[in-house]
Amino acid sequence: MAVAGSDQPPPAAARARQADPALVDTQHMLSALALARRGLGSTWPNPSVGCVIVRDGRVVGRGTTAPGGRPHAEVVALAMAGDQAKAATAYVTLEPCCHFGASPPCTDALIGAGISRVVVAATDPDDRVNGRGLEQLRTAGIAVETGLLQADALDTLIGFDRRIRLGRPMLTLKLASTLDGRIATHGGESQWITETPARRLGHAMRGRHDAVMVGVGTVLADNPDLTCRIPGFRPTPNVRVITDSHLRTSLTSRLLTTAATVPTWFLLREGTNLAREDAFVDLGAKLIKIPGSSVGVDLTAAMTALGSAGLTRVLVEGGAKLAAALLRADLVDRIAWFHAPAVMGGDGWPAVQAFGIQALDRMPRFRRDCITVIGNDMLSEYARQPSCSPAS
């Protein structure tokens with residue numbers, strides 16, 4: 001106990017009462033959001049959620065959704081808090097689930113632990129929840145507040161939201177080019193346009209997505225690994241997705257020789273019945289047949305198939321033909337564009353092939369979110385403006 005005239009600081013509970021309650025709530029929700037970001041790329045088909053449990057001004061539990069989506073963040077945080085969860089406040093980035101699935105509802109866990117107050121950033125778009133979890137908590141006598149740092153929470157939940165609302169994952173198109181938008185010389189030389197720090201950040205982007213996707217042209221030209229090669233960055237490997245309508249990928253490629261240990265999915269054209277299918281499957285690849293289109297596979301149907309398979313966040317790394325087809329189909333949610341301070345000229349390969357834009361008002365437009373300088377290179381990040389019309 002603090003004594004009048006003493007130089008000793010007041011205990012944690014007294015400091016918490018003296019602080020601005022709104023500021024305290026914001027600080028704890030920021031911590032929960034930081035926890036949620038840690039799990040991006042490893043929790044699909046579930047969203048990555050963060051939870052912080054606070055009692056008498058002291059954090060007693062923290063949790064992030066575990067790899068594979070179970071257990072949920074609330075359960076992890078409650079296990080850490082133990083008996084200290086009674087009469088505590090839980091800060092959660094997404095509304096707690098209230099339905100039985102692979103595990104019991106998180107609402108039951110919070111109620112059973114004696115939590116007295118729950119602060120939620122965003123409601124769950126899943127029809128099985130969508131406000132029902134909040135109502136269950138209120139019915140149990142728990143004080144519930146919603147909407148704190150909602151925009152920040154929705155940013156971490158965009159992949160889950162896309163899969164629930166649109167049936168497909170959030171798609172980020174990553175490009176690395178010269179200042180004039182070239183990705184390879186006329187003769188095909190492309191490694192490396194950007195320098196090591198930018199390429200390392202590109203690997204970190206892979207780690208924050210469920211899957212990395214390329215077209216077969218990139219596979220044939222570069223023989224890539226498509227893995228996140230930052231030791232310890234993520235506990236599970238990315239899914240590797242290749243659009244290869246006629247299975248032209250070499251059986252001795254890096255992708256297929258490692259398919260038994262790293263999830264590798266091929267999107268091929270429906271109805272082809274290729275003799276190579278058995279060989280791909282024997283090597284460990286998963287084949288997903290998609291209706292055909294004039295340029296290979298129907299990418300809208302392909303994205304729906306990936307959503308049905310549980311993916312929530314997909315990073316597309318090329319090539320120019322695939323980038324153009326995705327932009328034309330209005331499937332790109334975000335662009336991450338690395339620029340090297342160099343100019344190649346018009347005979348170099350463009351980052352995006354032609355896709356039929358006849359008028360300026362038909363261009364897909366994006367909002368610039370941020371620009372980051374990485375050594376000599378620069379990263380510009382953009383978000384789709386949904387009001388714009390795609391090419392037709």
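In which sense, parallel or antiparallel, do strand β6 (residues 170-178) and strand β15 (residues 334-340) pair, and over how many bridges? In this predicted model, β6 and β15 pair in the parallel sense over seven bridges. Within this pairing, Leu-173 has Ile-335 of β15 as its bridge partner.

Both strands belong to an open sheet of nine strands with mixed pairing, in the order β11-β10-β9-β8-β14-β6-β15-β18-β17. The edges are formed by β11 (286-290) and β17 (366-374); each has a single partner strand, so one side of each is left without a neighbour in the sheet. On average, neighbouring strands of this sheet are turned by 20° against each other, direction ignored. Helix α8 (residues 196-207) packs on the sheet, where it touches β6, β8 (211-215), β14 (313-318), β15, β17 and β18 (377-384). The direction of α8 makes about 165° with that of β15.

Further pairings involve strand β3 (residues 89-94), which is mostly covered, with six of its six residues buried. β3 pairs with β1 in the antiparallel sense over four bridges, and Thr-89 in β3 is the bridge partner of Val-54. With strand β4 (residues 117-122), β3 pairs in the parallel sense over five bridges; here Ala-90 stands opposite Val-118 in β4.

β1 and β3 are also among the elements against which the buried residues of helix α3 pack, together with β2 (58-64) and α4 (106-113). In α3 (residues 73-81), the buried residues are Ala-73, Glu-74, Ala-77, Leu-78 and Ala-81. These residues lie on the same side of α3, because they cover an arc of only 125° around the axis. The exposed residues Ala-79 and Met-80 are carried by the face of α3 turned away from its buried side. The helix is followed by Gly-82, which has a positive phi, near 60°.

Asn-46 is located in the loop between α2 (21-38) and β1 (50-55). Its relative accessible area is 17%, and Asn-46 is therefore buried, the cut-off being under 20%. Not counting residues up to four places away in sequence, Asn-46 touches Gly-69, Arg-70 and His-72. In the case of Gly-69, the backbone oxygen lies 2.9 Å from a polar atom of the Asn-46 side chain.

Methods:
Residues are numbered from 1 along each chain as its sequence is written. This is a predicted model: local features need pLDDT of at least 70, side-chain atom pairs count only at pLDDT 80 or more; totals for chains, interfaces and linings use all residues. Side-chain values use heavy atoms; hydrogens and water are left out. Helices (H or I, at least four residues) and strands (E, at least two) are DSSP runs, numbered from the N terminus. Buried means under 20% relative accessible area, exposed over 50%, partly exposed in between (1.4 Å probe, protein chains only). A polar contact is a pair of N or O atoms within 3.5 Å; within protein, one must be able to donate a hydrogen and the other to accept it, and residues adjacent in sequence count only if both atoms are side-chain atoms. Contact means heavy atoms within 4.5 Å. Two strands pair if DSSP finds at least two bridges between them. Axes are lines fitted to C-alpha atoms, for helices over the stretch in contact, and angles run from 0 to 180 degrees between N-to-C directions. The arc is that of the directions from the helix axis to the C-beta atoms.
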